[in-house]
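Visitor: Could you walk me through this one? I'm new to it.

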Amino acid sequence: MSSIMQDYRIQTEPFYRPTHNEIVLYEQAYKHRIPLMIKGPTGCGKTRFIEYMAWKLNLPLVSLACNEDMSSSDLVGRYLFDAQGVTWHDGPLTLAVRYGGICYLDEVVEMRQDTTVVIHPLTDTRRILPLDKKGEIVHAHPDFQLVVSYNPGYQSPTKDMKPSTRQRFAAFEFDYPDAAIEAEIISHESSIPIEIANNLVEIAHKSRKLKHHGLEEGISTRMLIYAGILISSGIDPHTSCDMSMVHALTDDPDIILALQGFVDAYFKSN
Amino acid sequence: MSNHRPIKLNSYYKDFTSQTSVNIRESLMRPLTLLSNGLLGFELKLQLYGQDNSDELPIRPILSDTHLFLPDADLYTSDSDVYLLYRAAIAHAVAHLRYSPRKSFSRTLKPMTIAVVSAIEDARVERLLIQDYPGVIDWFIEFHIKEISCSQLSFSSLISRMNLALIDSQYQDNSYWVNKAKNMFEAQKDLSNYSAFRRLGSILANDMGQMRLPFDPHYYVVSPSYRDDNSFLWDYEDFDTSILDKHEIHDKNLVIQSQQSQDLKTEICNYNVMAEVELERKNYPEWDNRLLINKNNWCTVIEKLFTWTGESNFEANSMDRSILSLLSVSSSDRSHRLRRQWEGDELDLNAAIEGMINRQLGLDFEPRFFTRMKNEKHSSSILVLLDMSESTNELVGNMSHSVLSVEKKAALLLAQLVIHIGDRIAIHGFSSNTRAEINYYRLLEFGEPLDPVVINKIQSATARYSTRMGAALRHAFTCLRQESTQHRAILLISDGAPSDVDVFFNDYLIEDARVAVEEVRKYNTKVYCMAIDSLADSYIRTIFGYGNYRIVDNLQSLPKYLLDIYDYLKMK
């Protein structure tokens, strides 16, 4: 059994720089197997945090990026043909429920609300997953925990979770780290000097203020790391920022000019 | 020194402006405003101002605590140069706003001293800004190099050479005075010590005086061209030329502006002699947030027939096609895929596999193995409610459009879109003059075609009085209730907070509007607000709730915003 989950284990420690006491809070939530919801803007470290916690708690991590075409079969599994006829194949959620581990549903609000309800019996005291088609009820492994994440910022108003789904979770609200910590993360992840990382963070802060003024999201920590990686591999800062931050973020020519203005303000030309 | 990144203004603005005659400088105001607000951390209004007579001296930017007026004069400068000029002017303004003392006493100073001290102050604050934003040195330096005048020994020449020497460490000059200025400036370690630099300026001005170079304040312009005229720094109280006072400058411009808009209004009013015919009166309650009661029959909504004389100059054919072009890529397509059908265009693979499996397992199954597209018709009704209060006559941000004209444009674009798709839309407008008179106009009715007559009617709507939002929303809902479509929604397009002349508490009408929105939502009707005011965030959120409003500060994106809003409004 353990070999099935071996691929889902995280072998090396992922870099994660805590910003508050989220590690302790997570550990406590896990101790009681409370399902968790992680909200936060894109690229602020939600997925990295879960990877880190899975590594720290020595648990397999089954991740699934949700989309609106997903059906409950994509979560729990389905019968498929093979040489013998038809065989049941566990879906990712069933795998984690059966053998233990964290099941991480990324961008959960993308999933249709009627699909999301399959997690209901798992996320209360019952901790069971009925497989209707197979006629089986899977009792959750003691190590099983469900974690979902989404970005409340740019989700369209049409996409939201039902109250009955939401209320099953305890929530973490993530945001981009404070400037000093964010610069430290970028410097670490992309091996650039802290001064350059500081400049990148300042640019990002200015872009984040443009939210609601033409941008749906500002420049994320992930984008800054990409910019840092390009800079550390010898590409000049203006081009790196253009590639990884400015043009990646928007097509609006006004915003592009403004963002390039921020970049030019922080980096001298050669 | 050339800028590292080529500025690709032309290609951008050719593509993104719908009219060819659009003033590129005006369309630069938005990105520049975003830039200046970002660099500054708070809002600085940018505005273009022109020169009446081209024989006069070149004009310079003018800075106040709230506005930066940028010269729109030099017609020989190319568009990308204009961008670079404005960008440098903004950075310089940010430096002043961050680091300069305001309105120093100038009575006892000679004009030449003021000029020298100002130049030193310009250099000091720029250097402080460069510590914050290392890249801006490139923005400044190229103007110094380009505009330096070395040809003659004059006051202007020496000042421009000193300016360059203070910003460019590579620059060498053979003037004793310039070098003295440079050495003294560099010797000051603490850039934040204004008074030390002020003394330095006086010493240099004194030296300059002894050189007996002619200086005529009437013919002196600050160099280089991105720097403001320094009226920000000085209090010229003893000069009677009040034009140099920042408030006066500010007010003067506003006076001109409001005069123009006043003229425009009078013109419009003469043009449309309103003969209003009353159609119907209806009373509505109003929520009193102090007494926590609904005051019954408190407000009277008067529906009036909107009549206008004269034709608007708006051509129906010239309607913006941008929104229709967006349609091809939008999700507004009413058709959707039906799965597990008995018959259809394509195989539903999941259903087919499942069916085969059930057959193998010996279970019952239905051979519904197909998918097909289905179109829905007329599933939603949207009522667009326009705020037609006096304040919508004001101009939007830095643009030359009034709020009302943006409201009309948005409403017409949305109507065009909705009718094209096959849904139902109405456009109504309101303004209020105390609780006894909430005027309500039906500009476009549900089911009415958007013909040139209606378009002209909407275009000629004028703004007056106040914004009693709650009563108007309640009446709009009364109109909308008669629609029997599946989804109903009200879209309010407004510029600001509710207000009326008989209400003295700021939050009273905000709370009433919030309650009205809640009441309407109980009937499974969406209420969304599009606010044309970048400062509207706080109270709009109170009234409409998180995720139910959008602030529009960019006309170019208006079609896209409308499409998003429509996508939202027509959903379940």
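Visitor: Is B:Leu305 buried, partly exposed or exposed?
Guide: B:Leu305 is partly exposed, because its relative accessible area is 39%. Buried means under 20% relative accessible area, exposed means over 50%, and partly exposed lies in between (1.4 Å probe, protein chains only).

Visitor: What kind of model is this, and how are things named?
Guide: This is a predicted model: local features need pLDDT of at least 70, side-chain atom pairs count only at pLDDT 80 or more, and totals for chains, interfaces and linings use all residues. Residues are numbered from 1 along each chain as its sequence is written, chains are lettered from A and ligands numbered from 1 in the order in which they are written, and side-chain values use heavy atoms, leaving out hydrogens and water.

Visitor: Back to that leucine. Which strand holds B:Leu305?
Guide: Strand β7 of chain B, residues 293-305. Strands (E, at least two residues) and helices (H or I, at least four) are DSSP runs, numbered from the N terminus.

Visitor: Which residues make a nonpolar surface patch with B:Leu305?
Guide: B:Val277 and B:Leu279. The patch is about 260 Å². Patches are made of residues with over 30% relative accessible area and no salt bridge; like charges are joined within 9 Å, nonpolar side chains (Val, Leu, Ile, Met, Phe, Trp, Tyr) within 5 Å.

Visitor: How many helices and strands does chain B have?
Guide: Chain B has 17 helices and 16 strands. Of its 572 residues, 52% are buried.

Visitor: What is the strand order in the open sheet of chain B?
Guide: The order is β1-β3-β2, three strands with mixed pairing. β1 (45-49) and β2 (62-63) of chain B are at the edges with a single partner strand each, so one side of each has no neighbour in the sheet. β2(B) pairs with β3 (residues 67-71) of chain B in the antiparallel sense, over two bridges. Two strands pair if DSSP finds at least two bridges between them. B:Leu63 stands opposite B:Leu68 there.

Visitor: Now chain A. How many helices and strands?
Guide: Chain A has 12 helices and nine strands. Buried residues make up 53% of its 270 residues.

Visitor: Why is β5 of chain A largely enclosed?
Guide: Five of the five residues of β5 (residues 102-106) in chain A are buried, so the rest of the structure largely encloses that strand. A:Ile102, A:Tyr104 and A:Asp106 point one way; A:Cys103 and A:Leu105 point the other.

Visitor: Which strands pair with β5(A)?
Guide: Strand β2 (residues 61-65) of chain A pairs with β5(A) in the parallel sense, over five bridges. A:Ala65 has A:Asp106 as its bridge partner. Strand β8 (residues 145-150) of chain A also runs parallel to β5(A), joined by four bridges. A:Ile102 stands opposite A:Gln145 in β8(A).

Visitor: What do β6(A) and β7(A) form?
Guide: A hairpin, with four residues between the two strands. A:Gly135 in the turn has a positive phi of about 70 degrees. Four bridges join the antiparallel strands β6 (128-131) and β7 (136-139) of chain A.

Visitor: How many residues are in contact between the chains?
Guide: 41 residues of chain A touch 46 residues of chain B. Contact means heavy atoms within 4.5 Å.

Visitor: How many salt bridges between them?
Guide: Four. One of them joins A:Asp254 to B:Arg30, with the closest N and O atoms 3.0 Å apart. A salt bridge is a side-chain nitrogen of Lys or Arg within 4 Å of a carboxyl oxygen of Asp or Glu.

Definitions and conventions: Accessible areas come from the Shrake-Rupley method with a 1.4 Å probe; for residues, only the protein chains shown count as cover.
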